[in-house]
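Have a look at the model first, then read on.

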Amino acid sequence: ELLQKVASSAYENVNLKPHASSDITSSSLSIIRSLCHCKTEEDLTWIDQVSRCFTGRTGNIKSFANSSKGQVKHSCVQLIYTMSSYASTVVMSSASDHETILHYLKFVEIGGLIACEMIASSSLSLELQDPEKAILRHSMRSIQTLLSSLDNIALCHRDEYVRSKAAQLRDATINNLSSSSALGTAIGFFATCPIASGLLDSLSRGDNRFHSSSGEQVSKDTRKTIKERLEEISCPCESRQMNKVIEPMDLAVASMSLLVCWGEVSERVAIQNHAFEVGSERSLINTANQISIDGLNTLSNDLKSFGPSRLILSLAAAPALSNHTLTEHWPKISNLNLISRFVAWFLNEDQIYRDVFQDLAVNALKLISMSLLHTNLTAVQNRSSIDMSLSTDTFQFVGSQLRYALRSIFRKNSQGKSNDMPLLLNLLDFLQSSIYLQPSLAKQILSSECNETKVIDEIVKRVHIDETRTLSGILVTSSCAKVLSQLWKSCRENCESVGSYSVNIHPCDDLVSTLSSDGTFYSTITSSMRKYDFVRFHRFDMESEKTKKAQLIVNYEASQKMDTIAYVIEIIVLELLLFLRHGEQQLPLVLKDFLVDTSGDLLKKWFESISYDSLKSCQDLGQQFTLSNVNFSESASSNASFAINVLNYMSMCNSNLSLNLKSYHSASKLVESQHLLIATLSQFGQVLHYYRKKAGSCFTSDMVLDELEQVVSILSEGVENSLSSISYVTSSLPQYIAVDIAEVANALMPLLVTSMSDLTVDQPGRVLTILEQIVQPIEKILGMSSSYINWNLSCEMRQNVMLSISLAIDIIKKGCELSHEDNNRFRKIQISCCMLACDTLRLLKEFSSSNTIEPHSNKREEEEFQHLLQTSISCIPLLLPNGVNSHDSLLFTHSYDIELSNAIRNGEAIPLIIYHLNVLSLTAANLDNNNEKRVVMDLIARMLYLVASLAESGNIELSQILLENHFISSLTRNPILLQ
C-alpha cells in the first residue's frame, strides 16, 4: 500500500519535474511487480494486497495506464502481465479464500480491459519505438495468459460460483476481441508485421503505383506478382543488430499466440454453449458430426462471429508510414497469405533465434487450419457447403508454402538433420483436415511441380510401423497413416463405379488411383502390418517417479502404434470393399495373400493385443484432488489436459499430482486408441467374413465359435475393466469414456451379427457362454444415463444386440438338446432379451411422445425408429417355449412360462404394444404414399402376430395379461380398423 501511495503521489504531484515524476512512479510500480511471486502462502498475501490496492477508490490501476509517459505505461502493463500470469495459482490455490479470489479477478478484469485499450489505440506502424513495442508485447501476453487461465479455471475449479465468474470474464474478453474492429485489426497487423515489412521493402525497390490486371496486382517495372514478392521475402539475418531482428519477431509471436489462444478458447466456449461436455476433449469435427444441421449452423455462426477466422481471412491493414505513397498503394492481400509465409520462412536457413521462428511457423499453421475449419464447419455434414470464397491464387500460394515446408522437413529428416518435429506434426494434421474440408488445397500440397518428389510419396515411405523406434518417429508414422486414411476415406467412400472404373469426384482421386495402381503401395502397408510385433500393455511398478515417467512413454507409444494400425486397416478395408464390389478377380495378389494370412492368426493377434490394464496404473485422482492444495473439482480428471495446463501455470503445485494427472491422461488416450483399433478390427472382420463366403471358404463350427469368443471377450473385458478402472480413478464417470465404451460395444455388434448368421450349433455350452458375455456388458452400458449415450448410438446398439441374440436363440431352438444346467442359462438369457425388448419399446414411446424430439423429423430417424421397433416386436415371439429339446422340458417350460409372464407384465409390454399399434395405425390412416404406408402396415401386422403368438402359446398368464390390458377392446378403437 505504501508503494502504491508513493506511485500515486508522484504521478499526481504537479510540483515534481515531469521526468522525476515518471521515474518515481515507474520505479514504484516496478518494485511492486518484482515482489509479486507465488511460491509461498505469504506471496499470495502480497498479491492479494496488490489487487486490493489497485482496485480501490484511492489507487485505480487505470490512472497509470492513461499516463502520457511511456515509461509509466510500460511499468503499468508489466504489472498487469505479471498479475495475469499468476491467475491459475491465485484462484486455484486452496490457500486463497473467496474474498481474495474475487478481488484478484476484479484486478485482472480491469487489467484485461486496459491491455485491450492499449492495443486498440496503438498506431499501425512498422516504425514504432522500443518502449511502444514493449507495451504492446506485454499487453498481448496479458490477454493471452488471462484468457487461457480463465478458461481452465472455468472448467476445473471446485467452486461453482468461481467457475461461473471465470467463465463470465472469459466470455467478456472473447466478446471484446471479436467486437472491437480497432483491436482485431491491430492484433492482425502486428502478427504479420515482419512479413509486411519485407513486402514493403520489395515494393519500395520498384514502382509503387499498382494496377490490376486480371485480378492480379503487379509492379510495372518488374511485372512481379504479389505472390512472387512474398516468396522473395527472406528471414531477418543474424548480421543485423539483435534488437532489430528479435523485437518485431517477439511482437509477432505474442500477437500470433494471442490469436491461437483466442481461437482455441472460442471453440470450447461454442461447443459448451451447445450443451456438449467440453471435458470430453473431442475435436470440433467430431462434435460437428454429432449435432443436428440446425445446431451445426448455429455452432458455425458462433465460431465465425466470436473467433479470429474473420480477421485471418480479411484483408491485411495497410501500415501507417511517413511515405504515404506506399501506404496508399498497399496491395489487397489477406492476413492468411501473409502469415502462411512464416511456415516456409522458418525453414530457409538456420537461425540463431530458432525457437522464435518455430513458434511463429507453428502458430501460423494453427491459425490457417483453424480459420479454414471455422469457415467450412457445415461441410462436415453437407459437402456442398464448402466455402469457395478464397481465391485460387490464395490456395496456390498457401499450398505452395506448405508443400515446400513438408518437402524440406522430409528431406532433412531423411538426412538425419531435422529438428522440426512440432512443425511437421502440425503440417500433417493440417493436411489431414484439408483433405476433408478443403480438398483443392490438399491437392495443391500433395501434388508436385516440375520434377519435385510428391509429398504423398514421402508420406507413404514413412508408414513402416516395424521400422519405428523412437517416440517422435512413432508420432510421425501415426500422423502419416492418418493422412493416408483420410485420403482413402474421402476418395473411396464417395467413389461412383462405372463398370470396372471409378469416376473422380474428389480432387485427390487421381493421387489415390496412381498409388493403388502400383503394387508397391499395398506391399508397403501390408508388409509392415505382418511384421509388427504386438506386445500386450506393460505396467510398471508405480512406486517411483522414474517408473511413472517411463509409464507415460509406454502409454503414448502404445497409443500411437495402435492408431497407426487402425488407420492402415481402414485403408485396407476400403480397398477390399471397392475391389469386392467389382469382382474378386480384380483384387491385387498382394491383398489376396494378406487375406489368406489374416484368416489364420493375424486377426487373432490383433485382438489379443488389446488390454485394459492402463487405467489401473493410475492412482485415485478424486482422493488426490481432495488432499491437494489445488481447488480442483471432482470432474477435473475428465478435463485432464486442462487440469494439466492449470498445474503448468501454477508455481505452487504438487509435482506428484501433476505427474499422476499426466499418467491418467496418457492411460485415457491409450484406452481411446484401443477403442479405435477395436472398431476398425470389427469392420475388417466383417469384410474378411464376406470375402471368405465369396471365395467359397469352408466354415466350420469351431472357426465361427473361435471368432465369436474373441469378439465377446474383448467386449466383456473392455466394458468391465473400463468401468471399474474409471470408477477407481475418480468417483464421477467422464462422459467421453462412457460414450467410447458404448461406441466400441456398438462397433463390435455388426461383427457379432455377421458371425452369428453362419453359426451351426453343435456345442451349445460355448454358444450360451458367448450369449452371456454379450448380455451382461450391454446391460451395464444401456444402464448408463441417457445423457451419456445419444439416441442414434442407443438405437444401433439395441438393434444389433437383439438381432444377434435372436439369431442364436433361433438356432438353439431348431434342434439343440440342452442339459439341465444349460437350460437354466438359456432361460436367463431369454428373459434378459425379453426385458431388453420391453425396455426398448418403452424408450421408443418416450422418444415419439417427447415434446422436444420429433421421431419422424427426418428420414434417418424415421428409418431407425421403424427398424428398432420391428426388431423389438419380432424377437419376443422367439422367446415363447416351443421346440426346445431338453431332458426336463416339462419342468423347464412351466417355470419358464412364469418367468416370461412376469417379465412381460413388469416390462408393460402389452400397454406399450397397444400404444405403438395406435400410433402406427393413425399414421397409416393419414399416409398417401403407398411405399411408406406398406412399411407401416407391415409393422402393424408384426404386432398383431406377436399378440396372436402370446394368446396361442398356451400360457394362461399371458392370456390373462392381454385381458387385463383390454387389448381386444383397444382394437375396436383402432383408426386403421375403423376405415
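Is Phe-54 buried or exposed? Phe-54 is buried, with a relative accessible area of 1% (buried means under 20%, exposed over 50%, partly exposed in between, with a 1.4 Å probe and protein chains only).

## Before we go on

This is a predicted model, where local features need pLDDT of at least 70 and side-chain atom pairs count only at pLDDT 80 or more, while totals for chains, interfaces and linings use all residues. Residues are numbered from 1 along each chain as its sequence is written, and side-chain values use heavy atoms, leaving out hydrogens and water.

## Aromatic pairs

Searching the whole structure turns up 4 aromatic pairs (rings of Phe, Tyr and Trp, the last by its six-membered ring, with centres within 6.5 Å; planes under 30 degrees apart are stacked, over 60 edge-to-face, the rest tilted). Phe-54 and Phe-107 have ring centres 6.5 Å apart and planes at 70°, so they're edge-to-face. Phe-54 sits in the loop between helix H3 (41-53) and helix H4 (61-65) and Phe-107 in helix H7, so the pair ties together parts 53 residues apart in sequence (helices are DSSP runs of H or I, at least four residues, numbered from the N terminus). Phe-107 is buried too, at 1% relative accessibility.

Then there's Trp-488 with Phe-521, a stacked pair at 4.7 Å centre to centre and 10° between the planes. Trp-488 belongs to helix H23 (residues 471-492) and Phe-521 to helix H25 (residues 519-531), 33 residues apart. Both are buried, and ring pairs join Trp-488, Phe-521 and Tyr-522 into a cluster.

How values were computed. Helices (H or I, at least four residues) and strands (E, at least two) are DSSP runs, numbered from the N terminus.
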